[in-house]
Amino acid sequence: RSARPALGAITLQLRDGWSADCGGGIWWRRGDDFKNAPANGPAAILLARGGHVGLAASIVDWMHDTLLDPATGLIRDGVRGGPDGAVRAVEGTVYTYCQGVHLGACVALADVDGDARWAARATALMDAIGTHVVGPDGVVPGYDDGGDGGLFNGILARYLADAALRRPELAPAASRIVLASAAAAWEGRLELGGGPVFAQDWRRPARSPRPGRAEADLSVQLSAWMLLEAAAAVQRAG
């Protein structure tokens with residue numbers, strides 16, 4: 001079946017999610033007071049790729065103006081709105097997937113819109129990731145547990161590879177991070193039951209998965225496979 005009816009319905013929901021509260025952006029969920037990067041970045045990617053460039057640009061401009069940390073150049077998690085529609089609090093935690101979806105949105109807009117700001121912002125964010133996120137070894141660090149956080153680094157890896165394949169000026173830096181992280185994850189794997197098990201922190205050796213350990217979470221294993229797929233794509237592209 002064609003996916004067009006579903007895409008149309010999703011696009012309509014994203015349009016309805018936009019409001020002037022907190023200066024713009026779409027809500028994380030209905031009835032909430034939170035607008036964040038994980039909701040807005042993927043929405044902008046879908047909209048840009050679907051030809052809805054104006055709304056995608058408005059979302060990414062809002063992310064840049066509202067969520068960008070001026071001290072580091074990284075994207076903060078989100079903002080909470082007050083009853084008057086103004087920002088009442090900034091959730092300043094910097095997650096890897098927030099960087100990934102914002103980078104992906106800038107790259108998607110650079111593909112379809114001639115404005116130079118998208119490529120410039122992607123380059124600036126790539127520099128910030130290299131400076132403030134990855135370690136001296138170029139590996140993306142992990143979190144202390146699994147759960148949904150187990151997917152955060154895989155999402156960043158996906159959009160680093162996307163940037164490397166679509167933007168030649170970003171390819172050297174993005175490829176280095178993806179390949180270094182993949183090499184570390186593979187080196188630290190645990191061979192168990194005929195297949196690899198990966199750690200939630202790619203810099204560390206994987207432990208045998210059991211209840212209560214991050215290695216037992218599908219999100220952690222899926223994140224590592226997303227990283228390996230990203231590395232394979234980068235290698236194939238040379």
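The structure is a predicted model, in which local features need pLDDT of at least 70 and side-chain atom pairs count only at pLDDT 80 or more, whereas totals for chains, interfaces and linings use all residues. Residues are numbered from 1 along each chain as its sequence is written, and side-chain values use heavy atoms, with hydrogens and water left out.

Helix H6 comprises residues 152-166, where helices (H or I, at least four residues) and strands (E, at least two) are DSSP runs numbered from the N terminus. Its 15 residues reach 22 Å from the first C-alpha to the last, close to the 21 Å expected at 1.5 Å a residue, the expected span being 1.5 Å times one less than the number of residues. Helix H6 is mostly covered, with 12 of its 15 residues buried; here buried means under 20% relative accessible area, exposed over 50%, and partly exposed in between (1.4 Å probe, protein chains only). The buried residues of H6 include Phe152, Gly154, Ile155, Leu156, Tyr159, Leu160 and Asp162. Their cover includes helix H2 (37-49), helix H4 (96-112), helix H5 (117-132), helix H7 (171-187) and helix H8 (218-237), contact being taken as heavy atoms within 4.5 Å.

Asn153, which is placed in helix H6, counts as buried at 3% relative accessibility. Leaving aside neighbours within four places in sequence, Asn153 is in contact with Thr96, Val140, Pro141, Gly142, Tyr143, Gln200, Trp202 and Ser223.

Two packed helices are described by the angle between their axes and the distance between the axes. Axes are lines fitted to C-alpha atoms, for helices over the stretch in contact, and angles run from 0 to 180 degrees between N-to-C directions. H4 and H6 pack at an angle of about 25°, with their axes 7 Å apart. That angle makes H4 roughly parallel to H6, since angles under 35 degrees count as roughly parallel, over 145 as roughly antiparallel, 65 to 115 as roughly perpendicular and the rest as oblique. The crossing of H4 and H6 is left-handed, a term used if the near helix is turned anticlockwise from the far one by less than a right angle, and right-handed if clockwise. On the H4 side the contact is made by residues including Thr96, Tyr97, Gln99, Val107 and Asp111, and on the H6 side by residues including Phe152, Asn153, Tyr159, Asp162 and Arg166. By class, the contact of H4 with H6 has 10 nonpolar, five polar and three charged residues, where Ala, Val, Leu, Ile, Met, Phe, Trp, Tyr, Cys and Pro count as nonpolar, Asp, Glu, Lys and Arg as charged, and the others, Gly among them, as polar.

Helix H4 also packs against H2, at an angle of about 20° and with the axes 8 Å apart. H2 is therefore roughly parallel to H4, and the crossing of H2 and H4 is left-handed. In this contact, residues of H2 including Ala37, Pro38, Gly41 and Ile45 meet residues of H4 including Tyr97, Cys98, Val101 and Leu109. The contact of H2 with H4 has 13 nonpolar, two polar and no charged residues.

With H5, helix H4 packs at an angle of about 155°, the axes lying 8 Å apart. This arrangement makes H4 roughly antiparallel to H5, and H4 passes H5 in a left-handed crossing. Among the residues that meet are Gln99, His102, Leu103 and Cys106 in H4, and Trp118, Arg121, Leu125 and Met126 in H5. The contact of H4 with H5 has 11 nonpolar, two polar and one charged residues.

In helix H8, the end C-alpha atoms are 29 Å apart, which agrees with the 28 Å that its 20 residues should span at 1.5 Å a residue. The buried residues of H8 include Ser219, Gln221, Ser223, Met226 and Leu227, and what covers the buried residues of H8 includes H6, H7 and strand E5 (195-197). Val234, found in helix H8, is buried with a relative accessible area of 6%. Not counting residues up to four places away in sequence, Val234 touches Ala161, Ala164, Ser175, Val178 and Leu179. Val234 and Leu165 are 69 residues apart in sequence, and their C-alpha atoms are 7.0 Å apart in space. H8 is followed by Gly238, whose phi is positive, near 80°.

A positive phi, of about 60°, is also found at Cys22, although Cys22 is not a glycine. Cys22 lies in the loop between helix H1 (4-17) and strand E1 (34-36), and counts as buried at 5% relative accessibility.
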